[in-house]
Amino acid sequence: MYLLGYDIGSSSVKVCLVEASSGKVIASEFSPKKEMKITAVHPGWAEQNPVDWWTNLKLAHEAVMHEAGINAEDIKGIGITWQMHGLILVDKDQNLLRPSIIWCDSRAVPYGEKAFKEIGEEKCLSHLLNSPGNFTASKLAWVKENEPEIFEKIDKIMLPGDYIAMRLSGEIGITVEGLSEGIFWDFKNNCISEDVINYYGIPKSFFPEIVPTFGIQSAVSAVAAEELGLKEGTPISYRAGDQPNNALSLNVFNPGEIASTAGTSGVVYGVLDKLDYDKLSRVNTFAHVNHTEELTRLGVLLCINGTGILNSWLKHNLATSLSSYGDMNDMASLSPVGAKGLSIIPFGNGAERVLENKETNCSIHGINFNIHTKGDILRAAQEGIVFSYEYGMDIMRNIGMDIQVIRAGNANMFLSSIFRKSLAGVSNAVIELYDTDGAVGAARAAGMGIGFYADSKEAFASLERIAVIEPQLEKREQYLEAYSRWKQHLNEIV
């Protein structure tokens, strides 16, 4: 018996097949091998064609099924996770009306800021747990004002995972977690926010049927079964945005537990059991995967747009002679803690929530042509990313998060020893690395959705911890000094 997990990222789509009883990964693949295209028609814009997600899902899925060599009827559940906050619009025939405005697009910032003031800051924070900000609702408001001919044709709005579920099943649904990440959910009244949709002029008919995060949401259609080589009727039994799902992948379900990722964007995510929020909406509070009306489980999300994308930019523009990220890490390791006084502010990927939606761009401070090398720049970039995490974690601590242990998958920036040691050093937290990823987590969660696993404890019993990184106390002062210098440069900018 097998479970499928689909992870719809902005760089690639990953597919994973898990054997349900053992939790063992049978096969996994991603597509494309180079990063998916993000279109920026204007500065600060970021769009992707959802058809590209589906095309790459099919390619990765085909590779997984070929490698596994199993019968389609043995797949008993499908889980989906996705890049959060994207906006997908379809007409009554389920045709796309425009490309998706994705998470790092900042065009809607003024709409969210205006709504925050005019709906009322206290009302937004107490009911939505966030400012409308640059989230899905504000992106839809931008479409209404700037593309009225498209707005008039909208039948349903979706998030990226809802679109994939639609392509799989022909049915459109949305979860409370998805509604909350779009800033459409009123936590006090447990319903779609009348304040938001009335303010923006969004018809309630635009919203699909609400489906449970875990449970039989829909089933694979005959059309999709033919396209993918699946069995018609295979249940789609779980879906969640990538950060709640990544926390789930690391068995983070309960208050005080912390998860982190460091891909294109970077995240620290902790679970709370009470309605709470940052008054400046620099970190955001959403429904966690196990949140219900009866059981409050909220995810406090620190998101830094300019993380792995900075490392990727350096690889393609500065470190072109190096063949891999591992080679970059080796070169960076020749530089000492603090990179000889060099500081890099990594916020070069659009507006940053942690900076109250300011768009500062990336900047280098203190470079000296006589002493600094390429390795110093590479190290300062990784430390700058780490320091942006610590800057946000200070905000999380101020609203009650106790950050002592950070769990992460052994992937992306966490593959770098410099990154791991710097994060432990400046935060004074223990870093635990696990052999998992979002697609694996979505597959396990699909098993919870069909009832194969009794609970999360059973679903994640085989989760393997592969490394523990303790803070290097003898270097803590060096990390704190470098962080203080970095923060001074940031304060001068903002």
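Ile-367 is partly exposed, with a relative accessible area of 39%, where partly exposed denotes the range between buried, under 20%, and exposed, over 50%, for a 1.4 Å probe with protein chains only. In this predicted model, local features need pLDDT of at least 70 and side-chain atom pairs count only at pLDDT 80 or more, whereas totals for chains, interfaces and linings use all residues. Residues are numbered from 1 along each chain as its sequence is written, and side-chain values use heavy atoms, with hydrogens and water left out.

Ile-367 belongs to the loop between strand E20 (363–365) and helix H13 (374–398), helices (H or I, at least four residues) and strands (E, at least two) being DSSP runs numbered from the N terminus.

An open sheet of mixed pairing is formed by 7 strands in the order E17-E18-E16-E15-E21-E22-E23, two strands being paired if DSSP finds at least two bridges between them. Strand E17 (284–287) and strand E23 (465–469) stand at the edges, each with a single partner strand, so one side of each is left without a neighbour in the sheet. From one strand to the next, the twist averages 25°. Strand E22 (residues 430–434) runs antiparallel to E23 and is joined to it by 4 bridges, with Tyr-434 standing opposite Arg-465 in E23.

Helix H13 lies across E15, E16, E18 and strand E21 (405–409), running at about 150° to E18; axes are lines fitted to C-alpha atoms, for helices over the stretch in contact, and angles run from 0 to 180 degrees between N-to-C directions, contact meaning heavy atoms within 4.5 Å.
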